[in-house]
Amino acid sequence: MAADTTPSPGPFVPGGKPEAVSIGINSVEWRGATLEQVLQSMQPFGLTLVELIARRNLRKEAVPQAKELLARHGVRVNSVSGFTKLNEVVHNGVTETQELINESLEIAAMMGAPFSHTYFGANAFLNDDEAIQRYVEFIKPCLRKAEETGVTLLVDNLFDSVPEEIPATFRQHYRSSDVTRSVKGCQQLLESVNSPWFQYNYDPGNFRCSAEEPYPYAYDVLKDFIRSVHLKDAVKYDRELHGDRSDLYLQRDLTGDYMCVALGAGAVNYDAVLNRLKADGYQGALILEPHTGERRLGAAIRDSLAYLASHGFVGKGQGAE
């Protein structure tokens, strides 16, 4: 376990250079892949930073072998997460979810990763204030674990995900209930938890899918909490424009379906986002989450890396030191 009890510092450094920013990818892009398969898939793109998934491509008992494998490929870990949503679970499932969050924090510490991500989750039985109050209580054991391990827990903003089996025509029966779908909801949650060990992962693409303004509004309100950034771009899905949705890995929100595309090709104003990160001296990680489905993934990664490079953000594996 990490002995350091100082949370990860804010990533904004006056005069910071964009070429010093680390560029990586979330391993969720290769669904069902082993860690070795993920690392092999990353290699052609020169990516040297990855986010891993506890109990899927990284288990606690396999950490020694995983560290060896990562060292061989020259890849570091930014985060180890379990895709947990504490607000979504019923009371008798809370302990199990807390255990997964804590295990993710422990594995992250063992891997030398600074972060573990989590999500809030939708729960239509509670209003926003009730949901946040419940979450504040449920997250306390995990905050103690975060401090113990020296790993910061990051909450990622997310829309209300509509399961694949729910037809679009049924959406009017659902209520938006994940508070992190809105900027003010994120702010209220972060201020209510009020812990240096609970910070924020900025995801402009997810705000686009929840019909919230990703930039400048979200950035300006939440900047002081930002510790890491996830990058995806998206457009409103239309079958007549984009074809059959069977292999498009759509983001399904209550407001509609969204199709992810390479950075700069969608509705998020990433020109402005990246220029602002550069101007503010951002020195954290930029983690690609193309979410395009396997058929379009390679092209989306290449095009996104080229887009980042055009704004001065070049990862070490792409030739910058």
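In strand 10, R252 finds its bridge partner in D257. This pairing belongs to a predicted model, in which local features need pLDDT of at least 70 and side-chain atom pairs count only at pLDDT 80 or more, while totals for chains, interfaces and linings use all residues. Residues are numbered from 1 along each chain as its sequence is written, and side-chain values use heavy atoms, with hydrogens and water left out.

Strand 9 and strand 10 (residues 256–261) pair in the antiparallel sense over three bridges, where two strands are taken to pair if DSSP finds at least two bridges between them, and where helices (H or I, at least four residues) and strands (E, at least two) are DSSP runs numbered from the N terminus. Both strands belong to an open sheet of three strands, with the order 8-10-9 and antiparallel pairing. The edges of this sheet are formed by strand 8 (233–236) and strand 9 (251–253), each of which pairs on one side only. Neighbouring strands of the sheet are turned by 35 degrees against each other on average, direction ignored, the axes being lines fitted to C-alpha atoms (for helices over the stretch in contact) and angles running from 0 to 180 degrees between N-to-C directions.

A parallel pairing is found between strand 4 (residues 115–118) and strand 5 (residues 152–156), which are joined over four bridges; in strand 5, V155 is the bridge partner of T118. In a regular strand the side chains alternate between the two faces of the sheet. Both faces of strand 4 are covered, with F115 and H117 buried on one side and S116 and T118 buried on the other; buried means under 20% relative accessible area, exposed over 50%, and partly exposed in between (1.4 Å probe, protein chains only). In helix 10 (residues 270–279), the buried residues are Y270, A272, V273, L274 and L277, and just after this helix G281 takes a positive phi of about 70 degrees.

Grid points are joined across faces, edges and corners, and a volume is the space filled by probe spheres set on the points. The largest pocket has a volume of about 690 Å³, and of the 29 residues that line this pocket, F83, S161, Y249, Q251 and H291 are the closest to its centre. Its lining comprises twelve nonpolar, eight polar and nine charged residues, with Ala, Val, Leu, Ile, Met, Phe, Trp, Tyr, Cys and Pro counted as nonpolar, Asp, Glu, Lys and Arg as charged, and the others, Gly among them, as polar. For the second largest pocket the volume is about 210 Å³, and the closest to its centre of the 14 lining residues are N78, P114, F115, G284 and A285. Strand 3 (residues 76–81) gives the most to this lining, with three residues, and by class the lining divides into seven nonpolar, five polar and two charged residues.

Two cavities of 30 Å³ or more are held within the structure. The largest cavity, with a volume of about 70 Å³, is lined by N26, E51, L52, I53, S79, S81, F83, H117, Y119 and H230. Strand 2 (49–53) and strand 3 are the elements that give two or more residues to this lining, and strand 2 gives the most, with three. The second largest cavity has a volume of about 30 Å³, and its lining includes L231, D233, V261 and P290; this lining divides into five nonpolar, one polar and three charged residues. L231 lies in strand 7 (residues 226–231) and counts as buried, at 1% relative accessibility. The C-alpha atoms of L231 and H173, which are 58 residues apart along the chain, are separated by 31 Å.

A search of the whole structure finds zero disulfides, a disulfide being a pair of cysteine sulfur atoms within 2.5 Å. C260 is in no disulfide, the nearest cysteine sulfur, that of C209, being 5.7 Å away, and C260 is buried at 0% relative accessibility. For C186, the closest cysteine sulfur, in C209, is 14 Å away and therefore too far for a bond; C186 is likewise buried, with a relative accessible area of 3%.

How values were computed. 1 Å grid on protein atoms, 1.4 Å probe; cavity = no way out; pocket = protein on both sides within 12 Å on 5 of 7 lines; lining within 4 Å.
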